[in-house]
Amino acid sequence: MALDGIFLSKIKDELINKAVGLRVDRVNQPTRDEIVLNLRGKGCSYRLLFCVRADSPRVHFTSHNIDNPPVPPMFCMLMRKYLTGALIKNVRQQEMDRILFVDFDATNEIGDRVELTLCIEIMGKYSNLILISGGKVVDSVKRVDFTTSSVRQILPGIEYKLPPAQGKLNIEAEDAELITESILSKKDKLLSSAIINTLQGVSPIVSRELAYRVTFDDALVSSLTKAQISALKLELEFIKDNLHSLSGFYIVSDENGKPKDLSHYEIRQYSGALKVKAYDGPSELLDDFYYERDRINRINHRGHELIKHINTLIERNVRKLSVQSEELKKCKDKETLRLYGELILANIYRLSKGVACYEVENYYNNCEIIKIPCNPAFSPAENQKKYYKDYRKAQTAEKMLEKLIEDGKNEIIYLESVLDELSRADTDSEISLIRQELASGGYIKNIKGKKQKPPKELPPLEFHSRDGFRILVGRNNAQNEKLSLKTAMKNDMWLHTQKIPGSHVIILGEGREISDEAIEDAAVIAAYYSKARESSLVPVDYTRVKALKKPSGGKTGMVIYHEYYTIIVNPDKEKVESFKLK
């Protein structure tokens, strides 16, 4: 799963078409490995994302709002100092290597014009973002010294040098005939390996696709026929002729729709075993491919301690429930204790002290003789009192345990709903609101001795059904409760996944009779904003808001209802995206 040099050349062309001539309005650094340039021009604005995370290095336009930390990092402050107000004048690529240069026309502190270059090197774990002025490094996201690399250093003040060349051919500069001859010279290699070792900027999926189109498999170079060699040359010429095309981009997904790989070259090698989806532009593809995974990584990073704490609380409650359930099972024998006490009392006149058990008739069961264990050191009256005492104790314990078990189950349901909220949180504000909710419930402690700014109140997510009904979705338990019990009107429609943690969803009637089509659309949204979003068939309950009631002592966001209908839907992401307000 890699963004190769040919794909990067298409991103370069997209940036030249859209970004050249725009000014940097703002610079943000959402995480250590990400920089976002907010670009503005006459009648247009874009967000340009640079990411040098080891598992997803890339550069592209993004349509998503990425939440920023309260205090900008030092590298972000430096970038703001140098690049705010700077004009993008060119975008360059180092041949077909995964190195891109964005040139800026900027103004320094004393008003002199200076030329700056922002260089992104896409090299897996060695990926880096470097600000260059006059051929020297101003600073970089990742500083590289002698202890890190003996090949080259990236430190403020030293001359910027390109990574060592790999001696591969540039498909843009070389003839397809020459490239084919170079590939054929590697006779002992598989065709896909020979292509990767020969060409700059070719990813494994593209090399395998070339081999598949030529041989319908991946054969040794030495075994290629004349017809296959001709087919290879034609495919290379096709790639060369379409280097600057900004259409035809593909994501390969598994059967559940989870992205597996990406390409600028139509993928046929999987023969229907995996899904292939086409995109109109490189940024649109990359934005879609990486956003969901990176969002989860960001949340896991920012909310790691919170997630860990909640999981610990859930495990503790599960263990407690197990112990309480075992104790409850023992209480089920309480009627036997009562019976033994009653039979001893009925036969006390003929029972004596010093025996291990009493043999008496059970007049509840045809006077069948039963043996009642007893303490030889106790008199019959003392044994009888002990059985009655144990019976009352078990009776009381049973009532308490049933209540404790019910509370424990509700506690687990609540904590799992909080985990689900965290998994879907997009911003630091949402995480802060969840943290505030947990603190108010006594699950975590507020930080003492430090005045914290209260998190910004966020509005519910809003969608529109196909026939125009407004649909609101709660972001967390506190907002779920407010939305369902205070905001919504009694004839509005309420939806929630059946016995699965998820958001409360409200269809606003606003004086109209809510349609079946709107209910179906809202059910898809409810399934998607739940723990079951990766499932294919999800049951969603729906009822009028007037049927909802908050149980006495219920957790935040908990409601009960008895009259409802159920619909089974598929939480389709594309459908949900289509319902978003434009």
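How many bridges join strand S17 (residues 493–497) to S18? Three, and the two strands run antiparallel. Helices (H or I, at least four residues) and strands (E, at least two) are DSSP runs, numbered from the N terminus. Two strands pair if DSSP finds at least two bridges between them.

This is a predicted model, where local features need pLDDT of at least 70, side-chain atom pairs count only at pLDDT 80 or more, and totals for chains, interfaces and linings use all residues. Residues are numbered from 1 along each chain as its sequence is written, and side-chain values use heavy atoms, with hydrogens and water left out.

**Stop 1: the sheet**

Now select Val473, whose bridge partner in S18 is Val505. S16 and S18 (residues 505–507) pair antiparallel over three bridges.

Move on to S15 (residues 461–464). Four bridges tie S15 to S16 (residues 470–473), again antiparallel. Leu461 has Val473 as its bridge partner in S16. Five residues separate S15 and S16 in their hairpin, and Gly468 in the turn has a positive phi of about 95 degrees.

Zoom out. The open sheet has six strands in the order S15-S16-S18-S17-S19-S20, with antiparallel pairing. S15 and S20 (565–569) are at the edges with a single partner strand each, so one side of each lacks a neighbour in the sheet.

**Stop 2: helices on the sheet**

Select H12 (residues 477–487). H12 lies across S16, S17 and S18, at about 145 degrees to S16. Angles run from 0 to 180 degrees between N-to-C directions, and axes are lines fitted to C-alpha atoms, for helices over the stretch in contact. Contact means heavy atoms within 4.5 Å.

**Stop 3: H4 and H5**

Select residues 191–198 and 204–215. These are H4 and H5, packed at an angle of about 130 degrees with axes 8 Å apart. H4 and H5 are therefore oblique to each other (angles under 35 degrees count as roughly parallel, over 145 as roughly antiparallel, 65 to 115 as roughly perpendicular and the rest as oblique). In H4, Leu191, Ser192, Ile195 and Ile196 meet residues of H5, including Leu210 and Val214.

**Stop 4: H2**

Select residues 74–83. Phe75, Cys76, Met79 and Leu83 of H2 are buried (under 20% relative accessible area; exposed is over 50%, partly exposed in between, with a 1.4 Å probe and protein chains only). Turn to the face away from the buried side: Met74 and Lys81 are exposed there.
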